[in-house]
Every structure is written in structure tokens, then in C-alpha cells.
Amino acid sequence: MQATSLRRSAVLAFFYFGAVLIGLYAVVGALTAAFLEDRVLIRRLEIEVEEYLERLERLPRGQSLAPPSTRFMRGHIGLDSVPADLQPWVSGKPDGFYEVGEDVPGSSQPFVVAIRELPNDRGRLFLFYEVTRLGVRIEVGSIAIVLGSGAVVVGLLGVWWGRRLAARLVAPVVHLADTVERSPTSVLAARIGAEDYPIEVAQLAGALRDALGRIESFIQRERSFTRNASHELRTPVTAARGAAELLASRLPEGDERAGRQLERISRAVTRMEEIIEAFLWLAREDGSGPAERCHPAALMPEIIAQHRDLLGDRPVEVRLDLDPELEVTVPKAVFAIVAGNLVANAFYNTLEGEVEIGLGDEALRIADTGTGIPAEQVDRLSEPFVSGRSGFGHGLGLAIVSEICERFGWSLRVVPREPHGTSAVVRFAA
């Protein structure tokens, strides 16, 4: 859904409201103009008839008076003097005022007609007033000019007032957004609560404060759990290392099988210590700490050795292309988790062929000729409990790698290889 601006929405609302008002104004104005036009014409005929009757009363009995006649008005005494095309329409009608439309046969102009019985048996007066097309056009044009001018004025006023009102209405929301954006997390809740917002924005600010409180509480619980769990794990890991060293010192000479097993135990203990150290580092308030730098090329042999047992006796060749000059600003333990999970995935899923591990150009690249990734799971590999191959772990390895990459601003890309296999690339540059 496309995002919209509250200010723009408010201005458009005023504009549309103004347009509706202008439309109603135009309809009412047109109806009023038509009504007044009819009333003016009828009133004019009334005056003409009254003046004619007054002049007629002043004449001696027996004398006649010509009916009113002008350019647009024609008077007739008696039905026989009325034009033949109009006689059927006015014949038999009582005294009054009537409108004759353009549908009258033979007539090209609409009329307003006054019919009046004259005193002293002098016949009936038929007074026709022609509503010319020219007059109508002039009136319609005048109305259009008035309505158009009103529309422009109302539209400009609506946009101007809408912008002003929208700015005033949106200002508290904009101020709240600026406060949220510019304030450190530690003081954000206090700054939101210290402002005097309108009721509606205050409700939003209150909801933000509550959400911040819940999020902060959750983060604190997560960090506390990570610290406590890592701290409690140190004791058994230290015990395991001490026991392994004691066994190694008492191991009979020539017992290579037991020596290999003790070496595996020692490497597993080392990996556990690295994981604990990394989790403790990630559990810090902002992930900050000493700006440790490591040389990944120096760490990779040990990381490969820790996971080589996953290959077993399979015909898999491990190829290395390591840049010894590459440095990454990250604790060694954190890099070991990232590289170790990716190496473990490649070793486990490769039944034959090769695993290529490269370091250079600010990136770690691991490509294998293994079983590959199902197409429907490519976009979900960084989610917890989603594994590229059933039966391998719990699907947390890539989720942990993805979280670490997000913390450091790295990018992680895992894609299938052709004809089969998987390629994983971690770019250390932001």
C-alpha cells in the first residue's frame, strides 16, 4: 500500500469539500436564477396588463385601445387575432399567466403569455412575451462567470485554509515523530511523556510509551537470560576442559584412537567457550565494547578442524583461498560462530565433490557441491527452526548467523548452485 501524507490528505479533503460546496452552489444558483427569471417576466406582464387596463378604463365607452406591442412583446385582442399556431394552445384557458414551450408547432421561441378578460365585453387580451435565445445565453453566460469566479475564489481559499489547518493538525504528530527519531532509547519514554500533546496525539504517545516499556522489559529479560545462561555454562565447560586435559596427561602412549577422541572433546570445549563469549558480547546493552579486530585467515584452519568430523570418510576435497591481509572489526568468537555455522552446513550436506572456502574482497565465501536447498525454503533459511535439509540440527545455525550479520551491518546471501550445491556469501562491508 502506498504511503500517504496526513497533510496532503487534509488539503485534499478541504479541496473536495469545497468542490462539493461549489457544485451545490452552482445548482442552487441556477435554479434560483431560473425561478427569478420566470418571476421577473410574469411580473413584467402583470405591470403591462395593469397599465393597459388603467388606460382602457380612462377611454370613453365605445373607443378601443391597441394592445401593448414591443420588440419582444405582442398583444392581441380576441382569439381570432392570435397567430394560428398559438390559438390551439391558449384556446379555452382561464385568465392567468402561462408558459408556452418551444415544442409549440411553428414557434421557434418560448413564450410567457398573460390572458385577461377585458371589461365591458371588449374581448380577451392575449399578451405574449418572447423569451429570446439571445437573452437566455446572456443570462447563462453571466451565471457561468459568477459561478466560475466563485469556484476559483472558494478553491483558492479552501487550499490555503486547508494547508494552514493541516499544518496545525499534523504539527503534534510531526513533533512526536521527530522526538522518537532523535531521542536515545534510554530517555525516549521520558521525553514522550513530558510533552503536552492534544488528546488524540497524547493517546498515541501513551501507546508508544507502553510499547517501549514492554519492548525494554523484553530486551532486559533476554539479555539477563543470555548473561545468566552463559555464566552458568562456564562452570561445566571449564570442568570439561580440565577433565580433558587431565585425561590427555594420563593417556598411554600409542593410543591414537583415544587421543583423537580427546582432541575432539577439546575442540568442542573450545567451540563452546567461543559461543559463550560471543553470546555475552551480543548481550551487552548496545553490542559495543572494545573495537576488537581479527584476521579471519588465521582462524579458518581451526574452524575447519572443529567441523571436519562431519565429513567422515566421504570423498570431499576442501579447497582454501584465504587472504592473510584481510581484517574484520569483530571479536574472534563472533566471527568463529558465523564461519563455523556456514562451514558445518557445507560439510554436512556435501556427500562428495568439494567445498570451497574463500576469504577476500571484504567477504567470506563458502560453496559446496552438496545436496542443495529446496526452492521453497531459499527465502526462509534465515528464520529460526528452518533447515535446508531435514535431519540436520534444529535450523538455528543460519538464524544465528543472520542475527549477527544484522547487528554488524553485514549482508548474508545463501543461494543454490548449478547443477547442485549451495553458495553462501557474507559481505563484511556495510
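## An aromatic cluster

F335, F408, W410 and F428 form one aromatic cluster. This is a predicted model, where local features need pLDDT of at least 70, side-chain atom pairs count only at pLDDT 80 or more, and totals for chains, interfaces and linings use all residues. Residues are numbered from 1 along each chain as its sequence is written, and side-chain values use heavy atoms, leaving out hydrogens and water.

The whole structure holds 4 aromatic pairs. Rings of Phe, Tyr and Trp (its six-membered ring) pair if their centres lie within 6.5 Å; planes under 30 degrees apart are stacked, over 60 edge-to-face, the rest tilted. F408 and W410 are stacked, at 5.2 Å centre to centre and 25° between the planes. W410 is buried, with a relative accessible area of 10%. Buried means under 20%, exposed over 50%, and partly exposed in between (1.4 Å probe, protein chains only).

## Around W89

W89 pairs edge-to-face with Y98: 6.3 Å centre to centre, 75° between the planes. W89 is partly exposed, at 28% relative accessible area.

## Confidence

The protein chain has a mean pLDDT (the predictor's confidence in each residue, from 0 to 100) of 76, and 78% of its residues reach 70 or more. Over residues 389-395, pLDDT stays under 50. Where pLDDT is low, the predicted coordinates should not be read in detail.

Notes. Contact = heavy atoms within 4.5 Å.
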